[in-house]
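Here is a predicted model to work through. The questions below take up its helices and its cores.

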Amino acid sequence: MKIIIYTLLFLMLLTACNDLDLNPLSEGASENWYADETEIMMSLNDLYRTTFWEIDRDEWTDDWMNRGTTNQITGGTINGEWSTVIRWWQVAYKAIARANTILENLDEITYDIPEANLNKYKADACFNRAVQYSKLISHWGDVVFYTSTMGIDEAFNVGRTDKEDILQVIYDDFDFAATYLPTSYGSSDLKHATKGAALAMKARIALYMGDYEVAKAAAMACMDLDAYELYPNFGELFLSSTKNSVETIFAIPRSTEYNVTYYTLCQFFTTRNAGGWANYGPSWDLFNSFLCTDGLPIDESPLYDPHEPFQNRDPRCTETIVEFQTDHLGYVYQPHPDSLTVYSSKKDMYVTNNDTRANAQYASYNGLVWKKGIDEDWTDDNICDPDIIVMRYADVLLMYAEAKIELNEIDETVLDAINQVRARAYGVEITDVMSYPAVTTLNQTELRTIIRVERRMEFAFEGIRYMDIIRWKLAEKVLNMANYGMLDVADLRTKVVEPELWFFPSTPEIDDDGVSDLSAMYNAGLIKLCGTRTFDSSKQYLWPIPSKEILINENLTQNTGY
């Protein structure tokens, strides 16, 4: 493989030899770039392309339903040939190489650039490098590590560096970034990182690595900036119309005007009545995890009625999942098998209900569809442009609380951080403890459960759950559980609807991790098995190194089990 690559490179050089000495001044290259601050900024801007900012996917978790199908992670088939593994690895190192190149060139600049500007540019590059290495060590563990440009020979022979050593450099990069980046840019677009972003991202990787002291300090430093606050309306926060909110610490902006949009996947999430397919939806596992308004799980609260499962639930439940018999995207949403028509406020008439499986066999298999962040601007042309929110203030508050809980440094600041997030969900002030279930316990075990459930309710459909179940070592439990849905229409009518057991025939048990057990309903023949998830704890807590990287580098070892 090495011989083949060298040969191809040599042939490329031969065919391009006439161009080697002709660096077009209109194109960037190390020899003629970084001539002024405009070109430096252009290089830094490149690091913020959406290509470099993919986030973990909810489909890799127990929060997801796609007609019962699994993927490489939930089906236990992940290997070094998986396109996501290959792409994430390549993209991370491409960004790292570009950040390294920027830093090296900035160190060699001899012309006059104010030191403050130079340090800000370096800080920007350090932030991006630290983010990419954070992604690598959290998903792969020990990885290839370098902070300067490498030649081909070195690249083909470098081995893996201990993740703990890399972590220290990540901390240093984030610290440098937090020192020299501005608190804000004073504009409506969050295009580049800020001081708060560096501190928050440092807290996140520290939490992922179980370094709770560092996580606590970094989160506290971010909070002490007094630059962010919780957006008052949880539901509005995720709409395309809400750009650069007071809660957003770091986001990659998207805009239909500039053709930077949310992939082309809008139809996977929108209802069938509104022109979508609704095959990507929330799981019953997620639905059951939302607490009742008394702060208790559904199997403990007297407020919960399985036949009216949306009533008396934490408000984030109906802001995340569309409540039955409510207007959504211009149509009343009702998956009941006897609701063959529904009212459309968009058309001011009753229409065929394509969101019930009685009319459309591929309607939601479990009756649930996503609401969070989805509004009517998704349905006019199936193009949408909500910002990619990488970090928001609610996460900083809950990271701070979790770090303090794990350190057993439980005090009023822990309760305050959790209750700020919970009170916002209810749309009330934190001091109005009669209007929401304020957390009051100081017991570490109880608080550990509370913070995990709180994170699940708060960050559903935001790409946070995957790394949470990985770092909490919950993946081996929740990703080895079945994904259930409604019975086929004929059985649903006779076994659930006619005995007046709609929607849930009974209340599932919820364990100390906030995980529901639906097996009793399945064993009674009242719900359907849609798919079985598989997770191999002996290997899947880390991803495999891309196979082709192992083939071309004899010093690069594979993760155990792959």
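Q: Which elements do the buried residues of H8 pack against?
A: H8 covers residues 212–224. Its buried residues are Ala 215, Lys 216, Ala 218, Ala 219 and Cys 222. They pack against helix H7 (195–208), strand S2 (248–252) and H12.

Q: How many residues of H12 are buried?
A: H12 runs over residues 393–406 and has 14 residues. Buried here means under 20% relative accessible area. H12 is largely enclosed by the rest of the structure, because the buried count is 13 of the 14 residues.

Q: What span separates the end C-alpha atoms of H8?
A: H8 has 13 residues. At 1.5 Å a residue they should span 18 Å, and the model agrees, so the end C-alpha atoms are 18 Å apart.

Q: Are H3 and H4 roughly parallel or roughly antiparallel?
A: The axes of H3 (residues 83–108) and H4 (residues 115–140) come within 9 Å and cross at roughly 155°. Angles over 145 degrees count as roughly antiparallel. The crossing angle therefore makes H3 and H4 roughly antiparallel.

Q: Which residues touch the most other members of the largest nonpolar core?
A: This core has 111 residues. Another core, of 50 residues, lies apart from it and includes Tyr 484 and Leu 487. In the largest core, the residues with the most such contacts are Phe 127, Phe 250 and Trp 543.

Definitions and conventions:
Residues numbered from 1 in each chain as written. Predicted model: local features only at pLDDT ≥ 70, side-chain atom pairs only at ≥ 80, totals over all residues. Heavy atoms only, no water. Helix = DSSP H or I, 4+ residues; strand = E, 2+ residues; numbered from the N terminus. Expected span 1.5 Å × (residues − 1). Buried < 20%, exposed > 50% of the residue type's maximum accessible area, 1.4 Å probe, protein only. Core = buried A, V, L, I, M, F, W, Y, C linked by side-chain atoms within 4.5 Å. Axes fitted to C-alpha atoms, helices over the stretch in contact; angles between N-to-C directions. Parallel < 35°, antiparallel > 145°, perpendicular 65-115°, else oblique. Contact = heavy atoms within 4.5 Å.
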